[in-house]
Amino acid sequence: MTPPETPENTPTTPRLKPGAAERLAHLVRCVDEERAILDFPERHWVAPHRSADGQPILNVLIVGAGQAGIAIAFALLRDHVDGVLCIDMMPEGQEGPWLSLARMTTLRTPKQVTGPDLGLPSLSFQRWYEAQFGSNAWEDLFQIPRTEWARYLRWVRAVTRVPVQNGIRLDRIVPAGDHLAAEITAPSGTKRLLARKIVLATGMEGGGGWYTPEIVQAVPKRFWAHSSESIDFLALRNKRVAVLGAAASAMDNAATALEHGARNVDQYCRRPQIQAVQPYRWAAFPGFTRHIGEMDDLWRWRFLTYFVDLREPFTQDAWERVSRFPNYRMVIGEPWQNVAVEGDELLIRTPKGVIHADFIVCGTGVTVDHRLRPELSGFAHNIATWRDQFQPPPGEENPRLGHFPYLSPSFSYSEREPGATPQLANIHCFNFASTLSFGPSGAAIRPMKYLVPKFARALTRDLFRDDIGEHWADFRAFQGREFDEFPF
């Protein structure tokens with residue numbers, strides 16, 4: 001079927017208003033002024049470290065230069081922590097999901113959302129957008145276009161001057177004396193970066209991996225893809241596409257297939273009814289977002305297993321995006337039992353019969369399991385999970401979510417056997433896997449306003465504690481007099 005005449009999966013961006021470049025330059029000056037006003041005291045208090053052979057040791061190495069990694073680094077720079085570096089395996093401008101696996105038209109969050117700005121008004125998305133397109137365009141905007149958010153994050157990175165090295169993949173974290181070594185692959189080859197602390201700001205899949213059911217993995221790869229992968233949607237023109245899953249990303253991929261001319265798209269939900277409750281709407285208040293991670297284990301378990309199991313539903317505009325196609329169908333309460341290949345087509349068996357398809361897209365989310373992460377292979381055996389540390393009351397068990405790591409108050413991994421791998425106290429998890437310990441945090445925009453500053457405070461507390469002896473000696477030697485001679 002031929003798609004509608006305007007099947008764009010990115011909204012139309014308004015024209016730049018005359019003088020946009022000058023207004024953006026002025027906005028950068030405003031950001032610098034706001035930073036200066038709030039900058040007292042300006043003391044750089046974390047001393048640089050070097051290894052025995054003279055190699056520099058970073059105070060904080062942040063793996064991931066998407067929205068979370070940049071915001072964490074910016075928070076540390078504002079606290080005058082030197083020796084901070086972000087690395088990202090993607091080229092500059094391609095960090096995060098926004099220009100790759102994200103296929104929604106607009107963000108699912110309200111346009112007023114803040115986060116990467118860390119409380120600086122001139123660094124907010126609204127000010128950035130108005131500087132280019134005007135206040136009327138902002139008023140007319142319903143939600144933030146996905147591609148504009150990606151462009152905004154690039155601007156934030158440039159304006160905040162966060163140090164980033166792109167094209168670097170973290171392979172493994174290993175002990176290095178009293179510190180950690182990040183074994184990395186860079187364009188120039190493999191090497192090691194030494195760091196006192198390593199932050200894994202690695203998004204949705206950073207706590208495990210993307211999940212594909214075994215019945216789908218059993219068929220040849222040319223017949224299926226996960227929604228997280230690069231998909232040649234043009235190759236799906238005139239094809240019968242079956243989408244597994246009914247959450248937000250599954251519907252985004254169904255829409256993209258339709259817009260690229262798929263013959264028909266059937267989307268399958270195993271549940272007997274569509275999940276329409278948006279948990280982020282309820283959770284968007286300081287009490288929960290800032291403090292749920294400070295509650296006792298029982299309340300954290302109750303709130304956050306319920307939160308995660310709800311899953312984020314598709315939005316109204318996502319539904320309108322697919323439902324305008326007569327060749328789209330949502331199938332509810334029909335779980336898949338088996339998938340087989342016969343000739344050049346797929347046979348998908350459900351309790352109601354057999355479905356014929358040419359290609360499958362799995363919008364089936366992620367699995368959290370630190371044993372799947374190569375960078376943690378040297379520590380995985382001793383990372384404590386919720387299953388290790390907490391016994392839910394009868395009727396509240398959840399074996400799947402029991403695999404989430406049980407994190408310390410500083411977002412670091414905790415040990416299953418205390419003392420066996422003490423370096424885990426300096427490996428910090430700020431990705432989706434932190435959800436069961438701190439609520440939605442490392443892979444969401446809405447909580448950044450509260451949890452990035454909270455996490456930065458935890459890191460600076462650790463750094464001060466670890467250097468407490470040096471600070472004591474420095475204080476005892478301090479001779480900063482208020483005056484040189486008695487005035488009487």
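Axes here are lines fitted to C-alpha atoms, for helices over the stretch in contact, and angles run from 0 to 180 degrees between N-to-C directions. The model is predicted, so to speak of local features we need pLDDT of at least 70, with side-chain atom pairs counted only at pLDDT 80 or more, while totals for chains, interfaces and linings use all residues. Residues are numbered from 1 along each chain as its sequence is written, and side-chain values use heavy atoms, leaving out hydrogens and water.

**View 1. Helix α14 and its cover.** Helix α14 (residues 448-466) runs for 19 residues and reaches 26 Å from first C-alpha to last, close to the 27 Å expected at 1.5 Å a residue (1.5 Å times one less than the number of residues). Helices are DSSP runs of H or I, at least four residues, and strands are E runs of at least two, numbered from the N terminus. Its buried residues include Tyr450, Leu451, Lys454 and Asp462 (buried is under 20% relative accessible area, 1.4 Å probe, protein chains only). Among the elements covering them are β2 (56-63), β7 (189-200) and α9 (286-291).

**View 2. α2 against α14.** These two pack at about 50 degrees, axes 9 Å apart. The contact (heavy atoms within 4.5 Å) includes Ala71 and Ile72 of α2, plus Phe455 and Leu459 of α14.

**View 3. α1 against α5.** Helix α1 (residues 20-37) meets helix α5 (residues 146-160) at about 55 degrees, axes 11 Å apart, so they're oblique to each other too. Leu24 and Arg35 of α1 are among the contact residues, as is Trp155 of α5.

Methods: Buried < 20%, exposed > 50% of the residue type's maximum accessible area, 1.4 Å probe, protein only. Parallel < 35°, antiparallel > 145°, perpendicular 65-115°, else oblique.
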